[in-house]
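Please look at the sequence and the model before reading on.

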Amino acid sequence: MNLKIAESWMPILEEEFRKPYFKELNDFVTTEYAKHQCFPEKDKILAAFDFCSFDALKVVIIGQDPYHDIDQANGLCFSVNDGVKHPPSLKNIFKELETDIGNPIPESGNLEHWAKQGVLLLNATLTVRAHNAGSHQKKGWEQFTDAVIQHISDKKENVVFLLWGGYAKKKGRKIDVKKHFVLTSGHPSPLSANRGYWFGNKHFSKVNAFFSETGFKKIDW
């Protein structure tokens with residue numbers, strides 16, 4: 001499989017594609033997709049970068065694994081294909097959006113419209129075997145996505161990073177907080193949300209307040 005990233009990201013990440021670990025990762029993913037049903041579809045593995053160019057990037061949301069059930073994953077963290085029932089974490093994201101800024105809960109859980117406005121919806125691991133959560137972890141994806149976060153931190157300014165849950169917070173340790181705006185909270189999963197670690201974080205209104213102060217266009221959540 002020849003994993004190709006969007007043109008705007010090539011100058012930023014081409015060095016990563018040449019490293020031995022990425023060749024091993026590419027070989028692993030190629031074999032997995034040949035032998036097993038995997039998600040997302042091949043042409044959506046790097047969808048987060050297709051929808052959000054490096055120049056337009058304003059917000060980074062970090063997830064963990066793609067959804068591993070049929071027709072769910074579309075290459076954007078927390079997002080599902082049109083017509084798919086909202087998974088529990090996404091339900092809680094939409095509930096917080098409703099209470100925070102008054103957005104009615106949408107029929108579709110597809111977050112492409114966020115990505116097109118400069119929101120990088122980045123899972124730490126970009127592929128998974130069907131019905132086998134975490135099956136593609138520790139194969140190289142984490143090293144790649146760590147490099148993505150590092151490059152964004154180094155090469156841009158005033159990016160908002162939304163770190164939801166302990167895993168995302170660990171991924172964000174190398175972010176330069178002097179250059180960027182970092183918001184943290186519990187994960188939107190029911191276990192965390194029902195314990196009071198998610199609801200009421202008001203991240204969506206805080207993001208737009210920050211953009212108003214810095215002269216950037218707000219996100220239409």
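In what order do the 4 strands of the open sheet lie? The order is β3-β2-β5-β6, and the pairing is parallel. The model is a predicted one.

## The sheet

Strands of a sheet pair through backbone hydrogen bonds, in either a parallel or an antiparallel way. Here the edges are formed by β3, residues 119-123, and β6, residues 181-185; each of these strands has a pairing on one side only. Direction ignored, neighbouring strands of the sheet are turned against each other by 20° on average.

One of the pairings joins β6 to strand β5, which covers residues 160-164. The two pair in the parallel sense, over 5 bridges. Within this pairing, Phe161 has Val182 in β6 as its bridge partner.

## A helix on the sheet

Helix α6 spans residues 141-155 and packs on the sheet. This helix touches β2 (59-63), β3 and β5. The direction of α6 makes about 150° with that of β3.

## Two helices in contact

Two packed helices are described by the angle and the distance between their axes. For helix α2 (residues 20-35) and α6, the axes come within 9 Å and cross at roughly 125°. That angle is why α2 counts as oblique to α6. The crossing of α2 and α6 is left-handed.

Which residues make the contact? From α2 come Tyr21, Phe22, Leu25 and Val29, and from α6 come Trp141, Gln143 and Phe144. Sorted by class, the contact of α2 with α6 has 6 nonpolar residues, 1 polar residue and no charged residues.

Note on methods. Residues numbered from 1 in each chain as written. Predicted model: local features only at pLDDT ≥ 70, side-chain atom pairs only at ≥ 80, totals over all residues. Heavy atoms only, no water. Pairing = 2+ DSSP bridges. Axes fitted to C-alpha atoms, helices over the stretch in contact; angles between N-to-C directions. Contact = heavy atoms within 4.5 Å. Parallel < 35°, antiparallel > 145°, perpendicular 65-115°, else oblique. Left-handed = near helix turned anticlockwise from the far one by under 90°. Nonpolar A, V, L, I, M, F, W, Y, C, P; charged D, E, K, R; others polar.
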